[in-house]
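Load the model and keep the sequence beside it.

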Amino acid sequence: MAAHASVLLMALEDFLSAPEAQRPDARARLLAALRAALADGCWEEAALTLRRALVPTLDYTTAQSLYRVYRQLRPQLPDPGVPLKLALLSNVTSDPLAQFLELFLFANGVAVELYRSDYGLLRQEILDPDSGLYAFRPRILFLATTWRDLSEAPPVSADAATVQARVEAEVAGWAQLWRLAHERLGCQVVQNNFDAPPWRALANHETRHPAGFGRFVAAVNASLADAAPPYVTLHDLDHLASTAGRWAWHEARFFYHAKLPCAPECLVDYAHSAASVIAAHLGLARKCLVLDLDNTLWGGVIGDDGLGGIRLGQGEAEAEAFVAFQHYVKALRQRGVLLAVCSKNEEATARAVFEQHPAMVLRLDDIACFVANWQDKATNLRQIARQLNIGLNSLVFVDDNPAERALVRQLAPEVAVPELPADPSGYIRALECHRFFQTTSLAGEDLRRTEFYRANAAREQAEASATNVAEFLQSLRMVARVEPVHEATLERTAQLIARSNQFNLTTRRYSAAEVLAMARSPHWITRTISLTDRFGDNGLISVLLACIEGDTLRLDTWLMSCRVLKRGVEELLLNHIQALARARGLRRIVGEYIPTAKNAMVREHYARLGFCLIETNGAGHAWWELAVTPDWTPRTTYIREVHGDG
Amino acid sequence: MDELRTQVQEVFREVFADPEIRLHDQMTADDIDGWDSLMHINLIVALEKHFGIRMATAEIARLKEDGQNIGTLLQLVAGKLPRA
C-alpha cells in the first residue's frame, strides 16, 4: 500500500511538472501507476492521485484514459463525494462532454448521477411533462447549447427594429424553457451562452451592421445575461471559444462526423469550466489564495537583495510582470477572494516590502492573514486555515519554488497547488486556467470580505481589553436586522447555504430557486440576519429555514457564518423563533442536527439553547425539541433587533 | 513500416484500453471490441496527436468503410508523415 502511495506521488509530480517533450512518458507512467494501484485495490490512494491529475490542460486522449480509471474506481470508493443529480440536455452529441464533466466534478469532490437526453431532444425534454427529465428530477439542469441552437437569427437585410425583435424572441424562447423547468423541478438551470463562429459574412463590418450575425450573437448573449433570474446560471461558452481561439474551437470535422459541439481537444476545457460552475453551486469553490513572496510577488529575495534590490516596478520587463500579477491578485481580492501570505522570511522584513516599496500593488490591508517564518509551509498553511476559520480544502497555494509545491502537495493534499512556469509573465494564466475561485453570483458581502476578516482582528483586540464577555459584547453596540428572504438577499442567502460547512446544523444545500420557493410558501418561514457593530458591517451572516408541520415548527436549516461566533446571534434568533412560533399558535419547535465531517462545533447547539433530545438514529442524525410556552424567558443578548425596513 | 505499426498499435492499446491488441493488416473495425463511432473519433484524435498529422474529413469517414483495414490505415498514416 505504502509503496503504491509513493509511486503514485512521484508519478503525479512528474505528470504535473513535465516539460512538453517529456509529457507522453510522464503520462504513461502516471496511467501505469494508477492501473497498478487499482489492480491491488488501493482505491483511496488512486482516487487522491486521480483527483489531482485532473487539470484543465489535459489533452483529449489522456482525459479519456483517466475517465476509464475513474469508471473502474468509482464503485469501489466508500465516499465518492457529494451526491448530485445532474441532467445534461443538448442537441448535439454529448457523450465525451458528459464523461469529462463527470471526471472534473469528481475532481471537485462531487459524485454525479447523470441523466442525458437523446440527441436533439433538448426542447422536447423540457416541454413534455412526461419526459425522462421530470422522472429523474435533477438538482441541476445543464442546457449545453451551441450557436447552432439559435433560432431567430435575422436576415442580413433586416433593419434595427426587426433585429431587436428577433433578439427578444430568441431570449424569450430560452426564458420560457427556464421557467418551465424551474416550475416543474425547482432546480437550478445552467445554460451555455452562444459561441460566435469566427467566419463573418460582413467581415469587419459585422459588429456595426444591425443584422450582422456576430452582432446578433453578442446581443443575444448580453440579453440572456440581463434576463436570467437567480435560478439560472449562464455558462460563458463564448469566452471559452475565444480563449481556445475561435478557429480551433470551431474546427468542424468532428461536428460533420459525430456532431461534437466543438473540437475534441476543446471539450476538456469546456467540461472543466462547466464543472467548476456546477461545483461552485454546491459550495465547493476555493476561498483563499495563499501567496509566497520571493520570486512569486516580486523578483529576487528580499532577505538578500533588500528593498532596493528586488525586481518590481516599471522599466524592467520581468519586474513589470510581477506588477501585473499583483494587479491580477488584487482584483481577485476586490471581488471577495481572501488573500494570505505564507513565506519563509523574517516577518518584519517581509512586511516592510508591503509598507515601503513604492511599486507594491498589494498592501498589508489586502492580506487577511500574514505568516512569515521559517517553519515548513504545510504547517503554516494549516495555521492560516485555522486563523481564517476555513477548511484546508478552501486554500490555493501559489509558490514559484517546485520543491515547496511538492512538499505541500505531499503533506497537505487538500490544498490546491497549481504548477507555475519559471517565467512570471505566465503566472496569471497558470492560476486563472484552474478556475479555483469560480463564483455563481456576486453579493455585496463578497466585495467587503477582507474588511470583515480584518474587522474581526480588531474585535479580537477589543475582546482582549474588555474585562468580561458581557462588557465586551455591549461595547460592540451590535444591531441585527432579522427579516424574511427577499429579492435583494436571495443571492447571498443561497451563497451562504452553498458554502457554510461548520456552523451548519443540517448542511442541506438548497439552490436560489428552492429558497425562493420556500420564501413564497405559506408553510415555510425564512429568516436572515444581518449584523452591524461599531467596527463595521458584518453583512448577512445567518440563515434559518423552518417548516410548519401541524403544531410543530421544524428547523430545517440553521446556519451561520463563523466570523460572528459567540456574539449572541444564536440566542437572538432563538428568541425570535419562540416569539414567532407563539404568535402562530404552534406548540413545539423541533431542531435537527445531521453530523458531517465539518460541523462538530454545533453538535451541542440545541442542548446549549435548552432543547431536549427526542430521537437519534444510527448515523448520528438527532432531533431536539423545545416547547413553545407563554412563560418562556428570552435569552439575554447584547444585540438590538430591528426588522424589515426598520 | 514495422516501427510505424508498433506505434499505431500503442495508440490502439491506449484508446481501446486493451494492452493485448495486436494489429494485422487484414484486421477491420469489426475485429476490435468497442470500435463504435465515438471510439472512432477517439482513435482519430489520438492518432493525430501522436503523429502530429491531420486526417481530412473524407479520410476519417473512409476508415470505417468496406474494404478498409489496418493495412490501409497504416498506409494513410505513413503518407502523412514527413519523409525521413
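This is a predicted model. Start in chain A with an open sheet of four strands, in the order S8-S7-S6-S9, paired in parallel. Strand S8 (369-373) and strand S9 (395-398) of chain A stand at the edges. Each has a single partner strand, so one side of each lacks a neighbour in the sheet. From one strand to the next, the twist averages 20°.

Look at one pairing inside this sheet. Strand S6 (residues 288-291) of chain A pairs with S9(A) in the parallel sense, over four bridges. There A:Leu289 stands opposite A:Val396 of S9(A). Helices cover this sheet too. Helix H16 (residues 347-356) of chain A packs on the sheet and touches strand S7 (338-344) and S8 of chain A. The direction of H16 makes about 135° with that of S8(A). Helix H17 (residues 377-388) of chain A also packs on the sheet. H17 touches S6, S7, S8 and S9 of chain A, and its direction makes about 150° with that of S7(A).

Now move to another sheet of chain A. Five strands form this open sheet, in the order S2-S1-S3-S4-S5, and the pairing is parallel. Its edge strands are strand S2 (110-116) and S5 of chain A, each pairing on one side only. Here the twist averages 25° from one strand to the next.

Take the S2 end. Strand S1 (residues 82-89) of chain A and S2(A) run parallel and pair over seven bridges. A:Pro83 has A:Ala111 in S2(A) as its bridge partner. Then take the S5 end. Strand S4 (residues 188-192) of chain A and strand S5 (residues 232-235) of chain A pair over four bridges, again in the parallel sense. How does the chain cross from S4(A) to S5(A)? The path goes through helix H9 (residues 213-227) of chain A, and this β-α-β crossover is right-handed.

Strand S15 (residues 612-616) of chain A and strand S16 (residues 622-627) of chain A run antiparallel, joined by four bridges. A:Glu615 stands opposite A:Trp623 in S16(A). The two strands form a hairpin with five residues between them. In the turn, A:Gly620 has a positive phi of about 90°.

Turn to chain B. The axes of helix H1 (residues 2-15) of chain B and helix H4 (residues 70-80) of chain B come within 11 Å and cross at roughly 110°. H1(B) and H4(B) are therefore roughly perpendicular to each other. Which residues make the contact? H1(B) brings B:Leu4, B:Arg5, B:Val8 and B:Phe12. H4(B) brings B:Ile70, B:Leu73, B:Leu74, B:Val77 and B:Ala78. Of these contact residues, eight are nonpolar, one is charged and none is polar.

Finish where the chains meet. 19 residues of chain A are in contact with 17 residues of chain B. Between them, chain A and chain B bury about 1,500 Å², and 61% of that lies on carbon and sulfur atoms. Which three residues supply more than any other three of the area that chain A buries against chain B? They are A:Arg68, A:Arg253 and A:His257, which supply 39% of that area.

Note on methods
Residues are numbered from 1 along each chain as its sequence is written. Chains are lettered from A and ligands numbered from 1 in the order in which they are written. This is a predicted model: local features need pLDDT of at least 70, side-chain atom pairs count only at pLDDT 80 or more; totals for chains, interfaces and linings use all residues. Side-chain values use heavy atoms; hydrogens and water are left out. Axes are lines fitted to C-alpha atoms, for helices over the stretch in contact, and angles run from 0 to 180 degrees between N-to-C directions. Angles under 35 degrees count as roughly parallel, over 145 as roughly antiparallel, 65 to 115 as roughly perpendicular and the rest as oblique. Contact means heavy atoms within 4.5 Å. Ala, Val, Leu, Ile, Met, Phe, Trp, Tyr, Cys and Pro count as nonpolar, Asp, Glu, Lys and Arg as charged, and the others, Gly among them, as polar. Two strands pair if DSSP finds at least two bridges between them. A crossover is right-handed if, with the strands pointing away from the viewer, the path from the first strand over the helix to the second runs clockwise. Buried area is the accessible area (1.4 Å probe) that two parts lose on being put together, summed over both.
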